[in-house]
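Please read them with the model open.

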Amino acid sequence: MKATVKWVDGVMFLGESGSGHSVVMDGPEDHGGRNMGVRPMEMLLLGMGGCASFDVMSMLKKSRQDVTDCRCELDAERADAVPAVFTKIHLHFIVSGENLKEAHVKRAVELSAEKYCSASIMMEAAGVEVSHSHEIVDSV
């Protein structure tokens, strides 16, 4: 896997993935930015949520669950000192659908956390306290 990050101006950077996609990263005004893109640490958090959501949806589809929506809300805490690393991250999945089985949703979230989500597992290995929860919303 490869990526390139190119400086644009001030504290704005353009990230380009090996698969050919781009994303703008920028800082807040008080750090010389123009608030034109996500912050790099926000990007890490979004990547983790995307990785875990990919796993959960994949497993729910394989178990033939009728999912109409899946949202992962992430809540992170960072250290007060420099470097301001993540210290805690909580992923809360809100899965909507018809007749969803609690056991399937619970197991998908657990398997993502324990076995499949590279981002979550990497953060945990780096000392971040990672936790997961879920809720089911019946679409009927």
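Where in the chain is the place of Pro-83? Pro-83 sits in the loop between β4 and β5, and point 6 returns to this residue.

1. Basis of the notes. The model is predicted, with local features requiring pLDDT of at least 70 and side-chain atom pairs counted only at pLDDT 80 or more, while totals for chains, interfaces and linings use all residues. Numbering runs from 1 along each chain as its sequence is written, and side-chain values use heavy atoms, with hydrogens and water left out.

2. Overall layout. The protein chain has three helices and six strands; helices (H or I, at least four residues) and strands (E, at least two) are DSSP runs numbered from the N terminus. Their order along the sequence is β-β-β-α-β-β-α-α-β. Along the principal axes, the C-alpha atoms fill a box of roughly 50 × 35 × 30 Å. Contact here means heavy atoms within 4.5 Å. Among contacts between residues at least 6 apart in sequence, 51% join residues at least 24 apart.

3. The protein chain has 140 residues, of which 29% count as buried. Buried means under 20% relative accessible area, exposed over 50%, and partly exposed in between, with a 1.4 Å probe and protein chains only. The accessible surface is about 9000 Å², and 56% of that surface belongs to carbon and sulfur atoms; areas come from the Shrake-Rupley method with a 1.4 Å probe, and for residues only the protein chains shown count as cover. There are 14 positive and 21 negative side chains, and the centres of the two sets are 8 Å apart. Lys and Arg count as positive and Asp and Glu as negative, with His and the chain ends not counted; each charge is placed at NZ of Lys, CZ of Arg, CG of Asp or CD of Glu.

4. The nonpolar core. A nonpolar core is a set of buried Ala, Val, Leu, Ile, Met, Phe, Trp, Tyr and Cys residues joined through side-chain atoms within 4.5 Å. The largest one has 23 residues, and those with the most contacts inside it are Met-48, Leu-60, Ile-89, Leu-91, Phe-93, Val-95 and Met-123. Two or more residues each come from α1, β4 (66–78), β5, α2 (102–116) and α3. The most come from α1, which gives six. Leu-60, in helix α1, is buried at a relative accessible area of 0%. Beyond residues up to four places away in sequence, Leu-60 touches Gln-65, Val-67, Val-95, His-104, Val-105 and Ala-108. Leu-60 and Arg-107 are 47 residues apart in sequence, with their C-alpha atoms 9.2 Å apart.

5. Helix α3. Which residues of helix α3 (residues 118–125) are buried? They are Ala-119, Ser-120 and Met-123. Seen down the axis of α3, these buried residues fall within an arc of 100°, so they line one face of the helix; the arc is that of the directions from the helix axis to the C-beta atoms. Ser-118, Met-122 and Ala-125 are exposed on the other side. The buried residues of α3 pack against α1 (40–62), β5 and β6 (129–138). Met-123 touches Leu-44, Met-48, Phe-86, Ile-89, Val-128 and Val-130, setting aside residues up to four places away in sequence. Just after α3, Gly-127 has a positive phi of about 100°.

6. Backbone points to check. The peptide bond from Val-82 to Pro-83 is cis, with omega near 0°. Asn-35 is not a glycine but has a positive phi of about 55°. Asn-35 lies in the loop between β3 and α1 and is partly exposed at 42% relative accessible area. Arg-64, also not a glycine, has a positive phi of about 60°. Arg-64 lies in the loop between α1 and β4 and is exposed, with a relative accessible area of 75%.

7. Two further residues. Ser-96, in strand β5 (residues 86–98), counts as buried at 11% relative accessibility. Apart from neighbours within four places in sequence, Ser-96 is in contact with Asp-66, Val-67, Thr-68, Asp-69, Val-137 and Ser-139. Pro-28, in the loop between β3 (22–25) and α1, counts as partly exposed at 22% relative accessibility. Pro-28 touches Gly-33 and Arg-39, not counting residues up to four places away in sequence.
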